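Please read this note with the structure open beside it.

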Amino acid sequence: AGSIAFYGDIEGVISLIMPKELVKQSCVLLIGETSDDEKVLSDALSELLNIIAGKSKKLLKEEGVAIEITLPKS
């Protein structure tokens with residue numbers, strides 16, 4: 001599990017909870033290799049959160065809502 005907060009015109013938290021096997025599969029998509037290393041898997045989850053938060057920020061900006069996002073925590 002991991003989370004990333006946002007603040008500005010609106011405030012909140014995006015949480016991402018995934019089974020470890022799904023994080024491993026995501027790791028393959030992100031870095032092109034499998035890993036059982038907890039740090040690598042944590043980094044992959046953080047990157048997924050960054051992608052989701054970045055896309056959310058972009059979509060909200062298009063609607064006139066300005067937010068900033070924090071670094072992910074996993």
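The points below take the strands first and then a helix.

1. The model is predicted, so local features need pLDDT of at least 70 and side-chain atom pairs count only at pLDDT 80 or more, while totals for chains, interfaces and linings use all residues. Residues are numbered from 1 along each chain as its sequence is written, and side-chain values use heavy atoms, with hydrogens and water left out.

2. Strands β1 (residues 2–8) and β2 (residues 12–16) pair in the antiparallel sense over five bridges. Strands here are DSSP runs of E with at least two residues, helices are runs of H or I with at least four, and both are numbered from the N terminus; two strands pair if DSSP finds at least two bridges between them. Three residues lie between β1 and β2, which form a hairpin. A5 stands opposite V13 in β2.

3. β1 is also joined to β3 (residues 67–69) by three bridges, and these strands run antiparallel. Here G8 stands opposite I67 in β3.

4. Helix α1 (residues 20–31) has 12 residues. From its first C-alpha to its last it reaches 16 Å, close to the expected 16 Å, which is 1.5 Å times one less than the number of residues. Just after α1, G32 takes a positive phi of about 80 degrees.

5. Which residues of α1 are buried? They are V23, K24, S26 and C27. These residues lie on the same side of α1 because they cover an arc of only 165 degrees around the axis, taken from the directions from the helix axis to the C-beta atoms. Buried means under 20% relative accessible area, exposed over 50%, and partly exposed in between (1.4 Å probe, protein chains only).

6. Q25 and L29, on the other side of α1, are exposed. The cover over the buried residues of α1 includes α2 (38–62).

Methods. Contact = heavy atoms within 4.5 Å.
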